[in-house]
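Here's a quick tour for anyone meeting this structure for the first time. Have a look at the sequence and the 3D view, then read on.

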Amino acid sequence: MQKGRDFIKAIRRSFFTLHSNTSISQMDQSTRYRYSPTLKWNPMVEEYFIKVYGADHFSRISTALTRPSCYSCIRVNTLKSTSDAIIEKLLEIFKERGMHNVAVLESSTTWEPDNCCKATLKCTGSAESLKTIKSISKCQFPGLDYVVFVKGSGPHAIHYGDNEGKPLKEVIVSRKCAEAVLRGAQVYVPGVLACSAHVERGDAVAVSVAVEQYGPDGGWGVAMTRGTVLQGSQEDPYYFERDGFYIGQATAMMSRAGMFRVTEGVAVDMKERVYRLPSFYNLLEGEIFLQNLPSIITAHALDPQPGERILDMCAAPGGKTTAIASLMKDKGEVVAVDRSHNKVLGIQKLAAEMGLSCITTYKLDALKSVCHGAESDSLPNTCSAEDARTPDLLSTGIDGFDAKLLFEKNSEGWSVP
Ligand SMILES: C[S@@+](CC[C@H](N)C(=O)[O-])C[C@H]1O[C@@H](n2cnc3c(N)ncnc32)[C@H](O)[C@@H]1O
């Protein structure tokens, strides 16, 4: 029991940290701009996973965790469209965006190792466009043909230019921002953490990502104040930290001062990215929903039927709620609960966009809506977060809603149901 607790504590404390794998002595200008982070695991966690997965498999998992997904997964709103119609529309849109001049669907009978049916794009576009989208395919798992995969490409070697022999000016973005960028997004103002001095609109900049590290004070953070000025020289305190974390090359859309003065807008326009996926921002709204496959499968495995009543307790932004409602063919009721008022409004907006009327939303703290046994008979909705905590749970660090899900109270105390 004590071993288990120590393990959970270790995971919570320092699961892993990201590191560049270049030593300072190896570093020079020609190798500086790369994307090659590696994970440094807590030794206890690493030892456990190697035992479970084997060294090779674990090493592949560890590498994959530092890379973005190579595909986007789209759930088609079957109340409004079909996968085939969506694939046709996407091909047309990508062609209009200049990603492909000609795109032809090949016979959809080729089975991929990942059990997906491949629709290869034959293109006569530029070399650049050919590198962006590799294929669009419909998921071939039985019953999941409303899922469409758009496969991107990467890693790409990026040309950072030499700026007439001088190092490029630079911008550092947050990890969340970088994750979005590598899925096709632009860099918006709130995502910028630091920028070189004297950056003006139109300047070419190298974009790198700042990754949170476990600090001496016991918390996670990027150890960088937003607005930091980058010197671009070895005197720059973050110069070595960002080697191996470059995600692409961009053009500044505003001056350095603007980036930290305004509250919204595109700060830099990404021209080249180490991984490429098309952006689905504002695309086919209501007809498709960008959603990770595990979330889609969760709703699918629930097997919701028309006419049923289903409760989703942490519902925003409404991905699973709307997936469930679609599977119910909008007949019955999905009760969607979230504790944030604005997020509840977001669920309502999404439901309206998708043409789903069987969703009822509530702003509610799920912790206060779950009671156990006799408690719930006499005092509905009166459980507090403290009810979900016991000395044992406190020592594992699991509390609140997770504790309610993982443990239950019976005559002998708390246990796993
Ligand atoms: C990861 S998101 C859920 C994603 C969602 N299930 C989906 O598939 O789109 C977690 C959500 O849970 C909500 N949440 C967290 N604790 C909650 C609580 N005690 N009661 C209600 N909502 C809660 C948060 O506001 C957040 O919107």
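**A buried alanine and its surroundings**

A316 is buried, because 20 other C-beta atoms sit within 10 Å of its own (buried takes 20 or more other C-beta atoms within 10 Å, exposed 12 or fewer, and partly exposed is in between, with C-beta atoms placed from the backbone). What you're looking at is a predicted model, where local features need pLDDT of at least 70, side-chain atom pairs count only at pLDDT 80 or more, and totals for chains, interfaces and linings use all residues. Residues are numbered from 1 along each chain as its sequence is written.

**Around A316 and D338**

- You'll find A316 in the loop between β17 (309-312) and α10 (319-327); helices (H or I, at least four residues) and strands (E, at least two) are DSSP runs, numbered from the N terminus.
- Setting aside neighbours within four places in sequence, A316 is in contact with D338, S340, K343, V344, G346 and I347 (contact means C-beta atoms, placed from the backbone, within 7 Å).
- D338 belongs to strand β18 (residues 333-338), and D338 is buried too, with 25 other C-beta atoms within 10 Å.
- Beyond four places in sequence, the contacts of D338 include C314, A315, A316 and K363.
- UniProt, in an unreviewed entry, lists a "binding site" that includes A316 and D338; its positions follow the numbering used here, feature names are shortened, and annotations may be inferred rather than shown by experiment.

- β10 (residues 204-210) and β14 (residues 246-252) pair in the antiparallel sense over 5 bridges, and V205 has A250 in β14 as its bridge partner.

**The whole chain**

- The protein chain has 14 helices and 21 strands, and 30% of its 417 residues count as buried.

- Mean pLDDT (the predictor's confidence in each residue, from 0 to 100) is 79 for the protein chain, with 72% of residues reaching 70 or more.
- Among the elements, α10 has the highest mean pLDDT (98) and strand β4 (residues 116-120) the lowest (41).
- Over residues 376-398 the pLDDT is below 50.

Terms used
Two residues are in contact if their C-beta atoms, placed from the backbone, lie within 7 Å. Two strands pair if DSSP finds at least two bridges between them.
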